[in-house]
Each structure stands twice: as structure tokens, then as C-alpha cells.
Amino acid sequence: MGRAGLEILKEDPNYPEALIGRGTAYAFQRELMAAIADFTKAMETNPSAAEAWKRRGQARAALGEFTEAIEDLSKALEFEPNSADILHERGIANFKFKDFYTAVEDLSACVKLDKDNTSAYTYLGLALSSIGEYKRAEEAHLKAIQLDRNFLEAWVQLTQFYQDMANPNKAFECLHQALQIDGRFAKAYHLRGLLLHGMGEHSKAIKELSTGLNIESANIECLYLRASCYHAIGEYKPAVKDYDAVLDLELDSMEKFVLQCLAFYQKEIALYTASKLNSEFVCFDIDGDIDSLFKEYWCKRLHPKNVCEKVYRQPPLRESLKKNKLKKLDFSVTKQSTALLQAADCIGEKIQYDCPGFLPNRRQHRMAGLAAIEVAQKVSKAWRSFQAEWKYSNKSTSKNGKRPRRRERINLQSQNRGGAGCSTSSSSDTTSYGITQSKSTGRFMMSWHDVYSVAVKWRQISEPCDPVVWINKLSEEFNAGFGSHTPIILGQARVVRYFPNFERTFDVAKTIMNDRKYVHNKADGLIDLSRDGKLQDVMHAKSCADLYKAVGEDFWLATWCNSAAFEGKYLEGTRITLVKLAEQKYDFAIRTPCTPARWDEFDAEMAMAWEDICNAYCGENYGSTDFNVLEKVRDAILRMTYYWYNFMPLSRGSAAVGFVVMLGLFLAANMEFTGTIPQGLQVDWEAILTVDPNNFVDSIKSWLYPSLKVTTSLKDYPDVGTTLQTTGSVVAALSTYND
């Protein structure tokens, strides 16, 4: 503030214009409380001073007091209704308050009055993107750049928009343009690292993040992401160093605090993996070796104080270095390994969803391919044992003079109930993943849990910063019904990956409410919908607000699955929840709680589904390459996939694991999927929103079966377990590419 203004305030401490001037100077110096005091005093003297209302609104917004800020800016607009500046400020405040629809109204009005406001167009693009208006959002971002090609923030937001749309080429081009403007723009290097990480290019991401950290050494997002990349590719020394650097930083926001908590957990997982690097991959067992309390806190991103006090900590890296002679991973390129990785890359890319939010990730594709091949190889070995038993049984029956039955059923009991798949049986030896070999018969046995555990282990090691664990290994939280939570609408934001499923999920919810005439409240009590016209209001609902108004409080309802194992039985599928967060803001989501009782029901269902697959393939159809003969096998595989998706037994990663195992089972049965998943379709959601497994089979096979080709290529693939024996060789295989 100038000397003249100070002189005026000496003479008249209540002079509005001088108070506004001094308040503005305070605001520029980030002395926001002093600024607010001056603006408030100016209003007391002149209540119609629009500038004072506007400035106080800006200061309150900077403090995160968005409700008060919006009130002040609305008051300012009463005095200057055609002020593009005030509309711009209120639009930004509404956006930060996550009132995206109002933000769109304000910012649209602003750019009509001020057609050259680049900031308004950028925020308009962000708000439109949040409510799913992607075409208009892109147009707004492009307009900002058209007005000013040197506006870095516009290039940043357009980059993130294209990343959300799963369009990496356009995202990289935006970052190239940003760095042409300013070669030391640290945010661009961070975003390029983030994009590369999301595409499975961890080594390339490290280079970009390192450049960004050379410019901003204390950037916690860059440090954490670089640590994650080093961790994934097996460079544990720099990974631990970066995790420690994250833990040592002074923080100024809750978002950064969450990263610090995660760094603690990730460092422990990195140390654990380092200790297993020279051991066989079977010894890498997060579910068996890592304390359940640690896993619960990791999944929930909680403060690790209790973990530090109660849980065994991993040995320091120097002990692993000394014990295992740990060195930089070298991948042995042999004819076998090259053939295996080529096959894996080809098979694994079939898991890719062609939907917004799902970037193509070559590391995850390779993981999926290797996992699918290993599933197929282990299942084939089990089926050979089953087939030998079937032949022996029929041969013995024929010798006794009795006519052999057409098909001898193979009994495969659930792993959790003992029997063939129980790894605690004293008459069997555990080989890997809990898979057992009987001492008395030499029979190679697998339960459904063994089959999926192969893929789970690959998913865990491929992206170690994702807390992928079996939920029944979370002890207390398992008993409390801990499970996955997938938001479709959060506040007013349409979640880019999952909102395409909104309409169908909404209709399923209304259908269930109409059929059952009740839903559950937060305390799990019943809410009767048959009274006071509630049901009619439910059926007329078009939005979350309508549905919430009809019920009158937070509620949940459960989908159900028809049981194939037990006639007339229904299993609880997924819970559809609607929670009011604030006025016009809702959390509409699916949640899959896994309680012990629900687990037991799905365990029995999965055991029967796995038995049905084995019986469909083994026996007279064993080894068939006749596509028509294999129809029952295909259908049985899809039915088990249906129950897996409704079960959702992992903290995360169930969707990928389900599709990987499905590909592996097809391979084991001499079939390979050579097509792609149709655009806009998410297979797990198809299962979740379908009541009957046969309807799911009919839906999926319409596009999947025409792309299945009969093949015996599995016998030509090198054995995964032999080619990649150690945890270190697995990490190296996932991290090594020709380019």
C-alpha cells in the first residue's frame, strides 16, 4: 500500500477505499486474517462496497472457507451483477467447493462477458469434465490455449484431461508444448512421470521425475512416485532412500500427509520384497507373511502409529544386501525367456478395457500374460492328474464286469473346508500357492483358491504400491465386513472410470427396491418403502437427489446372485449405497463387504463352480480340440468368473485377476481369446449387475466366443515356474523391454 493510503488511514481509520487498499496489500503478502479484518471494516462503513465484498470473498476462498467466500462474492454480485471478474472468482470458489454445476453456470456467464479470460475457460473445462461433459470440457481447455498458447496451466489441465480420457498421445503432446514454453517447468516433468507410470513405463518415468526433482527437490509427489517406480523395478536402495525422504518432509496439506503414510507402508513392502529377491517366487507371500494389522492400515491409508508399536518391522536393507548379495537385477535373455515374454505380451494385452480412465499399461499386460500362462500350466497339470484318476476308475470298473458310467464326477472340496485343496492336510506336500500333491497317490490337486492365488501373486508384485490382499486375511476387519468401495458419483463429480455404469446401476437399484419394498439404513435397520407413497417416488426418481428424497435418509440395498450350487438359494452380491454428503452432493457407489458368513457362501459356490469346470473338461472331453465339444467347458469357466466378480474377495485388483484367470482357464482347455473387449464394456460390472449367472454367460459369449480359437499352443510355451524361478527374476521380467 502506498504512503498516501497510510496517511489517509491515519486521518480517517474507517475510510473504505484505503481499507480495501491495505487489505489487498495484506492479501498479496498472504496475511489473510489481517486482510479480512480490513475488508470487513470497509463494509461496515460502506455496506455497498462491492470491491470489499469481492476481496473478502477471495481471501476467504484462499483460507478454504468456501461457503463464506461464496456468500461474499454473491453479495458483491448484487451490486455489480454484470461483473465478469466477480463471476470468475465465484466460479473458481464454487469449483473448489466441488459445486461443479454452479461453477459451470458462473464461468459460462463470465466468458460471455469476458471472452478473453483464459483462467475462466480453464476452470470451466475442469468443472465440465467433473460432471462428465467431456466434449465441452475439451473445447473450453482448447479455447484457453487458443487465447494464450503460453498459458502453462491450460496445457497442464488439458494434459490431465487427456490422461483421464486414456489418450496418452495427446497428453504427451500437451506436455511437450508446455516444456517448449518453459524447459524448467517441474509440474510438466511430474505429469510426464505420472503418465509413464500409468502406462507401465517405470524406468522412463524415473528419468522424468528425476529431472523434475532437480528443479524442485522437495516435491513430495515426485519423490513418492519415483520411490514407487524404483520399488517396482527392483531397485530397492534408491526406493528406500526416496521413501525416507518423503517421510522426512515437512507437510502442509492432508493430501501430502496421506502420501507420507503410504511411504511408510510401501517402504516396508519394499524391504520385504528385497528379503525375498533371491528366493523362489513361491516364497513371496504377502498374504501369509505380512501382519494382518499392517495390511488393514495399508489398505485404509491410516496413520501407522499403531503399526509401528505392534507389528514386526522388516529387516533393514543392509541385512538383505548382506544375506542375499543383492545387486542390480539382471534379466537373463535366453531363447526360452524371450519366447515366454513374447507370448505373455500377446496374451496379456487382451485384458485392456477400451474405456475412459483405463490407460494401456504394458507392465500390467505382461503381468497378465505371464499369470494367465502359469494358471494354464498349473491347471493343466492338475487336470492330467484328474484324467489319470478318471481313466483308472473306469478301467477298474470295467474289470469288475460293470458298465462304466459316461462321466465320473471329480470331487474338489473347498480349500477352506479341507479336502483336496486343503494345504494343511498331513497326507500331502505343498508345492506352490497352497497347491498340493498327495503323498499316497501322487495326485496334483488344486482348489479354486489355488487357481486364483497364482494370478493374485502376480498382481501383487507387478504394481507393489497397490494394496492387493485377500480380505479374509485381514482378521478383525474381515469380521467387521471390510470390503471394496467403488464410487460412481462422488459429491457432484462423475467418476470417469465408472460413471458409464451409472444408469444401469441406478435402474437395478430401483428394480430391487420395487421388488423387495425395503432398503437398509446406516445402522442396517430396515426402511419400509411400502408406505406414504415412497415406492412410487422411488420408481419416478431420475437422479440421486430424487432417490434420496424418496427414501429420506442414507441407505443401502444388496443385489443378489442365483446360486448354481444350491438350488433356490440366493447369495448377497454387491451393495449399492446412497449417502448424502452435503446439499446436492451424494456418494453413489457399490460396496462389497466380505463377512465370514458371506465368504463361506461364496467359497462353497466357487468350489462347486471349479468342480463343474474340471468335470466338463476331464473325462471323455479331455484334450479335445473340437470347439463344439468344448461348449460346456466355456460356459462353466464364465460361470465361475461371474461368481468371482460378485464375490470380490480382494481389497483391490479383483477385476484384473478375474479376467486373467479366465484367459488362463481357456488356454488350459485349448482355447485362446484373440479378440478385444468391446469398447465401453467392463466385464466385472456386467457380472455385478446381472442376477443370474446364465444371463451373464449369454451376454459375454456373444462377443467373446467368436474370438476364441482352438489351439494347443500352451504346450509350446516354456514353463513359467522354471523360466522365472526367483522373485528377482519375476521382477526383472516385468521390468525389461527390448526398447
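Biologist: What share of the contacts in the chain with a separation of 6 or more comes from residues 24 or more positions apart?

Modeller: It is 66%. Contact means heavy atoms within 4.5 Å. This is a predicted model: local features need pLDDT of at least 70, side-chain atom pairs count only at pLDDT 80 or more, and totals for chains, interfaces and linings use all residues. Residues are numbered from 1 along each chain as its sequence is written, and side-chain values use heavy atoms, with hydrogens and water left out.

Biologist: How many helices and strands are there?

Modeller: The chain has 34 helices and 12 strands. These are DSSP runs (helices: H or I, at least four residues; strands: E, at least two), numbered from the N terminus.

Biologist: And what percentage of the residues is buried?

Modeller: Buried residues make up 56% of the 739 in the chain. Buried means under 20% relative accessible area, exposed over 50%, partly exposed in between (1.4 Å probe, protein chains only).

Biologist: Which residues have the most contacts inside the largest nonpolar core?

Modeller: Trp383, Trp458 and Trp610, in a core of 170 residues. Helix H22 (residues 362–399) gives the largest share of this core, 12 residues. Apart from it lies another core of 54 residues, including Phe39 and Leu179. A nonpolar core is a set of buried Ala, Val, Leu, Ile, Met, Phe, Trp, Tyr and Cys residues joined through side-chain atoms within 4.5 Å.

Biologist: Which strands are joined to S10 by bridges?

Modeller: S4 (residues 483–491) runs antiparallel to S10, with eight bridges. S9 (residues 570–582) is also antiparallel to S10, with seven bridges. Two strands pair if DSSP finds at least two bridges between them. His485 stands opposite Arg591 in S10, and Ile576 has Ile590 of S10 as its bridge partner.

Biologist: What about the hairpin of S9 and S10?

Modeller: Two residues sit between the strands, and Gln584 takes a positive phi near 65°. Most residues other than glycine have a negative phi.

Biologist: Which loop holds Arg301, and what is its phi?

Modeller: Arg301 is in the loop between helix H18 (292–300) and helix H19 (305–310). Its phi is positive, about 55°.

Biologist: Is Met648 buried or exposed?

Modeller: Met648 counts as buried, at 9% relative accessibility. Arg301 is partly exposed, at 48%. Met648 lies in the loop between helix H29 (631–647) and helix H30 (654–668), with a positive phi of about 50°.
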